[in-house]
Amino acid sequence: MKNILKHIVLIITVIFFYNCTSDDSNTIYKQPNNPSISHPNDKYLYSNNGNSLFERYNTATRWRWNDNFVSPTQRATPVRADLVVNSTKLVNHLWIEPYTKSGSEARKFIEKLFPSELVYIGSYIFNDDGTRLLGYAEGGARVTLLNLNSLDFTSRNWLSNPGGGILATVHHEFSHIVHQNFGIPVGFNTISETYLGQNWSNGVTRDDAIKLGMVRNYGTLNEFEDFCEIISHLLVVDKDTFAEDFITQQDCSSLTDADAIVNCRELNEGRVLIKEKVDLVVDYYKNNFDIDLLEVRDILQSRLENVIATGEIPE
């Protein structure tokens, strides 16, 4: 664990990972009074017999290119028009409905907190220094979904890879909206002794993160990213894999190498902290919102397996 804290230097924090707002306050967003419905995509998004995101959640979905989506030093590719409807079906089937189908309080929860604006971009956002953004939320009002031109419903990696899969991104960013509105569970920020701040990506591996009580190196940034990574992993990572990697104690008794024994024990110590956080988060959702987060997970993962198997979102 000591190796994690050696040679700390300040470096840019967006390399191949999420970028979230530094301002945790909520942004007031005003909807357009008369959204354009001149394209078939817009009819699906805005005027779809009461089924569109706009009609249900007053959410504006931006898929036409706008230079304001990126800064002058960034590059990105517009989303393909023929992928907009399927991208929106994914949002509904694997983001919204795992909540709404899990209970009436969860349905009210998603109705209250679903972002006012979604932005669709076809590629990642590339910076001049070669780094890239995978997706981000802005003040609880806008969530930007990236890499949509690579849409592949048969690809578990594209869908749920914790390092940039679309579902990992949206559930991570939605968790930010949750804590921006309601805070994080009391005591969550004291379970782990150390957060690495802006140095989270200074060679920090997943094992390093686990030893600190986090599921991913980006979670070592601060307690808010830790909270979001815990929820995102819990929901989108196969539950058996999640348990094996982050919860179940490894048997260290058969090891003979001293370094391997120390490594095994430190990982187990970190897993104890992760389990404490998971239990606290699950209780937090149940006690404060009457939401069974494990039921949300089970619905999402059942649907995810079906999407991967069939290559399509059911009507």
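The model is predicted; local features need pLDDT of at least 70, side-chain atom pairs count only at pLDDT 80 or more, and totals for chains, interfaces and linings use all residues. Residues are numbered from 1 along each chain as its sequence is written, and side-chain values use heavy atoms, with hydrogens and water left out.

Nonpolar cores were defined as sets of buried Ala, Val, Leu, Ile, Met, Phe, Trp, Tyr and Cys residues joined through side-chain atoms within 4.5 Å. Buried means under 20% relative accessible area, exposed over 50%, and partly exposed in between (1.4 Å probe, protein chains only). The largest core holds 67 residues, and Leu159, Leu167 and Tyr285 have the most contacts inside it. Helix H11 (residues 258–289) supplies the largest share of this core, 8 residues. Helices (H or I, at least four residues) and strands (E, at least two) are DSSP runs, numbered from the N terminus. Another core, of 10 residues, lies apart; Phe69, Tyr124, Leu134 and Tyr136 are among its members. Contact means heavy atoms within 4.5 Å. Beyond its neighbours within four places in sequence, Leu159 touches residues including Leu90, Phe153, Leu167, Leu304 and Ile308.

One cavity of 30 Å³ or more was found. A cavity is a set of points, on a 1 Å grid over the protein atoms alone, where a 1.4 Å probe fits but cannot get out; lining residues have an atom within 4 Å of a point. The largest cavity has a volume of about 40 Å³. Its lining includes Tyr124, Leu134, Trp158 and Ile166. The lining divides into 5 nonpolar, 3 polar and no charged residues.

Asn149 sits in the loop between strand S7 (142–145) and helix H5 (156–160). Its relative accessibility is 23%, so Asn149 counts as partly exposed. Asn149 and Val79 are 70 residues apart in sequence, yet 5.9 Å apart in space, C-alpha to C-alpha.

The structure holds 19 aromatic pairs. Rings of Phe, Tyr and Trp (its six-membered ring) pair if their centres lie within 6.5 Å; planes under 30 degrees apart count as stacked, over 60 as edge-to-face and the rest as tilted. Phe109 and Phe174 are edge-to-face, at 6.1 Å centre to centre and 90° between the planes. Phe109 counts as buried because its relative accessibility is 5%. Phe174 is also buried, at 1%.

Conventions: 1 Å grid on protein atoms, 1.4 Å probe; cavity = no way out; pocket = protein on both sides within 12 Å on 5 of 7 lines; lining within 4 Å. Points joined across faces, edges and corners; volume = space filled by probe spheres on them. Nonpolar A, V, L, I, M, F, W, Y, C, P; charged D, E, K, R; others polar.
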